[in-house]
Amino acid sequence: MSESTRVDPVEAHLALRQAQHGHGQARDTVPYEEAVAAFDPVLGLEVHVELNTASKMFCGCSTTFGAEPNTQVCPTCLGLPGSLPVVNALAVESAIRIGLALNCSIADWCRFARKNYFYPDMPKNYQISQYDEPIAHDGWTEVVVDGDTSRIGIERAHMEEDTGKSLHIGGATGRIHGADYSLLDYNRSGVPLIEIVTKPIEGTGAKAPQVARGYVTMLRDLLRALNVSNVRMEQGSLRCDVNVSLRPSAADPLGTRTETKNVNSLRSVERAVRYEISRQAGLLRGGGRIRQETRHWHEDSGVTTSGRSKETAEDYRYFPEPDLVPIAPSRKWVEELRGTLPEPPAVRLKRVTSDWGFTDLELRDVISAGALNAIEATVAAGASPQSARKWWLTEVARRANEMGVDLEDAGVTPQQVAEIQALVDNGTINDKLARQVFDGVIAGEGTPTEVVTQRGLTLVSDDKALSVAVDEALAANPEIVEKIRAGKVQAAGALIGQVMKAMRGQADAARVRALILQKLG
Amino acid sequence: MNEILRTTAVELAAKIKARELSSVEVIHAHLERIAAVDPDVHAFLHIDGERALQTATRIDTKIAHGEHVGPLAGVPLALKDVLTYAGAPTTCGSKILAGWIPPYDATVTRRLLDADVVIVGKTNMDEFAMGSSTENSAFGPTHNPWALDRIPGGSGGGSAASLAAFEVPLAVGTDTGGSIRQPASVTGTVGVKPTYGGTSRYGLVALASSLDQPGPCARTVLDAATLHAVIAGHDPLDSTSIDAPVPDVLGAARSGDVAGMKIGVVTELRGEGYAPGVEQRFGEAVELLSTLGAEIIEVPCPHFVYALPAYYLILPAECSSNLAKFDAMRFGLRVGDDGEASAEQVMAATREAGFGAEVKRRIIIGTYALSSGYYDAYYGQAQKVRTLISRDFERAFATVDVLVSPSTPTTAFKIGEKVDDPLAMYLNDLCTIPSNLAGNASASFPVGLAPEDGLPVGLQVMAPPLADDRLYRVGAALERTLVGQWGGSLLDRVPELTVVG
């Protein structure tokens, strides 16, 4: 649910200003390595996934993202008096498949529950969710970080409906407090959500941030393979809340945790965990105590700020939803759904390891970059595994980092990467020119082939043009020419470089080399 | 009084279909009656006369062209103002919904319209169906046509009074703890709460979702059964709707044969607190059923005594959540929106101004009952009692076909008599509440006037889930014999109402 907007805006704003000006919490953080040397971090992750069903959780309205405000609404998702919810069977099916893929037990019988609280973007002023009877519970999954496998316990996966969206106009913070007025869009109201909650993740030590990122990456890939969600973090179809607590050692009881919201990219998951560990360690070391609270992640400044205190927990007055009948999935159906599951992540990893022939180190880098899906799709589009790995981990990764987005949001598709590699393979461009093609594709100039044409990036392998450039290089470097003639063929590299420079990188290096040796031989 | 007004719905439909009467003249007659007597009775909150006449004209044309029409085609009906009818206001008897025109029809409304029934207006009720006297309506009480200084029951007092005042031959009510049956009992009319899930709740503004059920209100058993058959049946828009054939209520209402039927008299629903006239008429009716060949058995239902306290935890709990949507954000009343106030302040001011005392009382009780730390002791415990009451019914229905009791402990009381005593008011629903908690079918049928005050007494019949037909079998048996004994319908004895103007 969108509790993320429900914070004390003044407190959050002040905290953010303090953090930005180097006062308050930011001053108290300790370097990460010191923090994890002194404390044992424990994580908990709550992930909200918007399902990709065509219609909403409890009515027939469309779920298409980005429509005109309040055009995808009906009496039920507007919470009009007298309206009633009816469960979307496909959403239940997706929930069960997610549960099964996370090795959960699927409830024989479970109910929806009402979570009661007042907020204008929640039309009924209660959210239909699940409380003590989740559809899936007690599962596990595995995450590989730097070659080490962490087993992560899944507490539960339950079904609920999304809220509408508030847009606060005027005021300084963009939050409801201080706004001149607010606009409400109920298109998202009632979109099916699955909330997946881990058990406390212990024993990760210094790798906690990478484990957190690895888990969300794994989950994203799994959900995509299940074809149950678009898992677009930037569109909010996968939203992550990160719980972090510290304790002196693994033998100690769990410390007080904070829940950081708005962590909506893989990179942010890692950064937010890292920051929270440093911040909490600073507080604890200074003799302070951790407040149980909601915190907000600020992508730009890389800090979390205090939100609503959870010590006086809001009472949601949960009770079984009387408008809906219990859900009792038959064992037969559950087993049928089990048969539709994609390859489990661990099996898949084994398969690609043997198919792609990557070294352990290469594979490790691929996983930690979250590039497994992208590489698989690029290979499927015709590229070799090594070339796919190279592009995703160098050109695309660098640009994604610069933009502060995840790999797949960098603006290049696996099909385009495969096309670029094909252009290299057929000699149209070389690796160096390929970088400019990436720039063009990301800038929206068209397909790789179109970019090559429009930017005039084709390699020159025309002997006539090359021959002139080679002659000039030979004339300008008599001493190198002598070396080559004396048998030091490797000295040709320097000449090739000069030719390339003269041809602005568009020369076919192999052809240049051949020409040099021919002219001198 | 125009003879049309005393004609039953089934007869009116037959005459309209045979073109002995036009629907337009039938609707006219009833609209005139409403105009004449409703200033005194105040059964209606909204009269949709123009649209009713347009509908009637269309139905007359259909009949003239030999087109197929529904079983109650052209007959007027009053809809309790808790069911949506697109284009007409729905207030639920509350100021907070002032000005709200629903954009959609309740399933019950849709079925009525599809069956060519003519909806003439929306009837008064206790605010959000909370009450047993219609005195909690924000728009003033309805008066009992038997004695205008008395209550017509509640929450559906408007629907029952509109029947007893001959303003309409048919009405639809909703029953959460007796809101159809108790008004029927104190107005001498027939009211049926179908099996939970037998009629759709879609478009019924929820009081307590697990208890609410729309049902037919009429002056005769056959009219009620005919209306029941029109509005009942599975609705995919209501998840709690039962996907099963509608019991043969029409066949049962026509048969009225109770020979060999085992009828249980509930031990706990009589004795202390029951008016002598109520006990007397109830006893006579049971005796009559015995004469007609039914086997009468005394049946204990020991947990029924806990029904009232359990109900007054479950209902407030659900209503505290159901009524949260009335927040001024999207529809209805908005108070305090001065451009400075926050959304929360506007919500609070609107709810403070828009809800009446009884609604606030139940929201507060329900909020408390669901609170962390109290849930198990209140809501949780009440749900256990609910299960025990269901088991009482199951045990009883293992040996008898139906259970009977008085519908209410007393006849209609005076307006104002109990407004300051919520507990006394709640006791009105002592007999009717168990059926809502268990979800079984239940009805109230008139069995005479109490000798001490000359006011109607009702007998309640309770049948197992999806055995709604048994209610009509018993009701028809009583009606057939009693109308003979009375020398005509009980409602013929309703005093002439002052005709205004």
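Q: Among contacts in chain B between residues at least 6 apart in sequence, what percentage join residues at least 24 apart?
A: Happy to start there, keeping in mind that this is a predicted model. Take the contacts of chain B whose residues are at least 6 apart in sequence, then keep those joining residues at least 24 apart. The share that remains is 77%.

Q: How compact is chain B for its 501 residues, and what is its radius of gyration?
A: Chain B holds 17 helices and 11 strands, and its C-alpha atoms fill a box of roughly 65 × 55 × 45 Å along the principal axes. For 501 residues the globule rule gives 23 Å, and the value for chain B is close to that, so the chain is as compact as a globular protein of that length. Its radius of gyration is 21 Å.

Q: What percentage of the 501 residues in chain B are buried?
A: A residue counts as buried if 20 or more other C-beta atoms lie within 10 Å of its own. In chain B, the buried residues make up 62%.

Q: Which term describes how H4(A) lies relative to H5(A)?
A: Now over to chain A, where helix H4 (residues 89-101) and helix H5 (residues 208-226) pack with their axes 11 Å apart, at an angle of about 130°. That angle makes H4(A), relative to H5(A), oblique.

Q: How many residues in the contact of H4(A) with H5(A) are charged?
A: The crossing of these two helices is right-handed. H4(A) contributes A:Arg97, A:Ile98 and A:Ala101, while H5(A) brings A:Leu222, A:Leu223 and A:Leu226. Five of the contact residues are nonpolar and none is polar, and the number charged is one.

Technical notes
Residues numbered from 1 in each chain as written. Chains lettered and ligands numbered in written order. Predicted model: local features only at pLDDT ≥ 70, side-chain atom pairs only at ≥ 80, totals over all residues. Axes fitted to C-alpha atoms, helices over the stretch in contact; angles between N-to-C directions. Helix = DSSP H or I, 4+ residues; strand = E, 2+ residues; numbered from the N terminus. Parallel < 35°, antiparallel > 145°, perpendicular 65-115°, else oblique. Left-handed = near helix turned anticlockwise from the far one by under 90°. Contact = placed C-beta atoms within 7 Å. Nonpolar A, V, L, I, M, F, W, Y, C, P; charged D, E, K, R; others polar. Rg over C-alpha atoms; globule rule 2.2 N^0.38 Å. Buried ≥ 20, exposed ≤ 12 C-beta atoms within 10 Å, placed from the backbone.
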